[in-house]
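Please read each point with the coordinates open.

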Amino acid sequence: MFGPVVASAGEQLANSIPDLAQLQKMTARFAPTELDVDISNLSDGDSKALVKLVEAARIIDYIFMMQYWSGDLELYAKLQKDTSPLGKARLHYFWINKSPWSELNGNTAFIPGVPEHKPLGANFYPETMTKEQFENWVNTLLEKEQQQAKGFFTIIRSDAKGGFKIIPYSEAYKADLTRAASLLKEAASLTDNATLKRFLTTRAAAFLSNDYYESDVGWMDLDAPLDITIGPYETYNDELFGYKASYEAYVNVRDEQESAKLGAFSKNLQEIENNLPIDPKYRNPKIGAQAPIRVVNEVLSAGDGNHGVQTAAYNLPNDERVIAEKGSKRVMLKNVQEAKFEQTLVPISRRLLGGDEQDRVNFEAFFTHILTHELCHGLGPHQITVDGKPTTPREQLKELYSAIEEAKADVTGLFALQYMLDHAQAMGLADALKPARVFEKRLYATYLASSFRTLRFGLNDAHGKGMALQVNYLMDKDGFVVRPDGTFAVNYAKIKDAVRDLTHDLLTVEAEGNYAGAKKMLDTLGVIRPQFKQALDKLGNIPVDIEPIFVTAEKIAPQSAAPHRQ
Ligand code: ZN
């Protein structure tokens, strides 16, 4: 666990600050990529509202920087005045990270004169406050105050008497939130979409009242050509307690074509469930309502949504009251996925796949599989019986559940797409999955290439571990093969059966709530074998992620008093 003490600024100086060449290398891990979005189909009102939303989102960058570190804005202003090559490089990398700490290097400092690591509690708490001090203080408070002290939307500051006090976000960031709120209200008056109008109006009110509940409900109901997420959401930057939410914004435009495909797939989910390769007694005769999914293209991201590795999809809100009442919603950023695909997956495939296989690596196939992966989380066993008692796979598989469930969604996604390809005419999917014969080969080749991309992030997260399990299983069944020249390829004669077998095994582990079985699979297969290690070593200087350049946002709302843009 994290240590309790956070050093104050200046106390812990970083001992290895990168020089210009090192910094350029670190920065090159993020490939600059233009996000150009087609906004020509927006109504007149929405086009005007979009400008206001971009302006509101830009304010979020500043609020976020205030939340991240007490010295962040001051350092940012200082860096903008340094015109030396090193100064410019620092400013550039600072803007990518929105701080002097490099996210890809465990949040260590790359600029001198700042704490060696990002403060664990960010700027949500006094920098010198310990966990123990906080907890002792909270214990002296009344129940209602305790909730506020631990709440999503307050910061903690020292008071004059040597204790602490609670300040709501609406006070702490009052000036910026007031400006953002009035831009949201302007946008609300311009749009002709009722769900967007309602969300913007209630969110503007929340910025001033600090009560986000009603606007979170409004966000769940938001379904509009112009799509936005703006507010305090994720709590990852509060590494001390995980209580405090960081401000972020995503200004998006709905992708009509992918939304239609999603609708077409969703209609066929019960039939796929009825044909899953498991014992029929484990199939669900009536699958529940799916959580809503929106497919959008990102015009601008800001704040917590734009530092370090870029978000490609998110599930919100986090407020349990809203989730209990309305569930949560998943938003998939298609153009961000595409940018990552072009900058990382395509170069990976050029190095590791044979020539014919490389040509099959295809974004359409990649994105369709990701969509299907999301839908497949809803398929398979969810309510199970173990020793005569009702339970869930999550309860039974405990800490192994995430890796197994992610692998299940991936491989069931392949199975489901193959099923839909085989029955495209009858299921009314001929248009969505054309050209079928080509699509099938693209699907598996692209999946093989993307497995290397996931493995590159390591086995620490559930996706990486689950991916290792899959590729090793599919290699063992000859679905994937290594050619004599060291390149990887799909064995099209065997891959379908291998996928079907793995789908069966993973779904059965979940249906039985079989912890020992899951552990055995992950222990033997959730590893990086030597041939994969060798392959991953060849990927050295391929970018890890993208640095988005928001050309559409810049076109419609140029930044005159330009805060730094590269
Ligand atoms: Zn998933």
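1. A residue counts as buried when its relative accessible area is under 20% and as exposed when that area is over 50%. The model is a predicted one, and by the burial criterion both Phe452 and Phe532 are buried.

2. These two residues also form an aromatic pair, which is tilted, with 5.4 Å from centre to centre and 35° between the planes. Because Phe452 belongs to helix H20 (residues 436-456) and Phe532 to helix H24 (residues 530-537), the pair ties together parts that are 80 residues apart in sequence. A search of the whole structure returns 31 aromatic pairs, and one aromatic cluster is made up of Phe152, Phe153, Tyr169, Tyr173, Phe207, Tyr212 and Tyr247.

3. If neighbours within four places in sequence are set aside, Leu474 is in contact with Tyr447, Gly479, Phe480, Ile495, Ala498, Val499 and Leu502.

4. His377 is placed in the loop between helix H16 (363-376) and strand E11 (384-386), whereas Glu406 is in helix H18 (residues 401-422), so the pair ties together parts that are 29 residues apart in sequence. Glu406 is buried, its relative accessible area being 15%.

5. Helix H3 (residues 72-81) deserves a look down its axis. Its buried residues are Asp72, Leu75, Tyr76 and Leu79, and in that view they fall within an arc of 105°, so they line one face of the helix. On the other side of H3, Glu74, Lys78 and Lys81 are exposed. The cover over the buried residues of H3 includes helix H2 (44-68) and helix H4 (85-97).

6. Two contacts between a charge and a ring may also be checked in the coordinates. The charged end of Lys98 sits over the ring of Trp95, 4.0 Å from its centre, and the charged end of Lys441 sits over the ring of Tyr492, 5.0 Å from its centre.

Definitions and conventions. Residues numbered from 1 in each chain as written. Predicted model: local features only at pLDDT ≥ 70, side-chain atom pairs only at ≥ 80, totals over all residues. Heavy atoms only, no water. Helix = DSSP H or I, 4+ residues; strand = E, 2+ residues; numbered from the N terminus. Buried < 20%, exposed > 50% of the residue type's maximum accessible area, 1.4 Å probe, protein only. Arc of directions from axis to C-beta. Contact = heavy atoms within 4.5 Å. Phe/Tyr/Trp six-rings, centres within 6.5 Å; stacked < 30°, edge-to-face > 60°. Lys NZ or Arg CZ within 6 Å of the ring centre and 35° of its normal.
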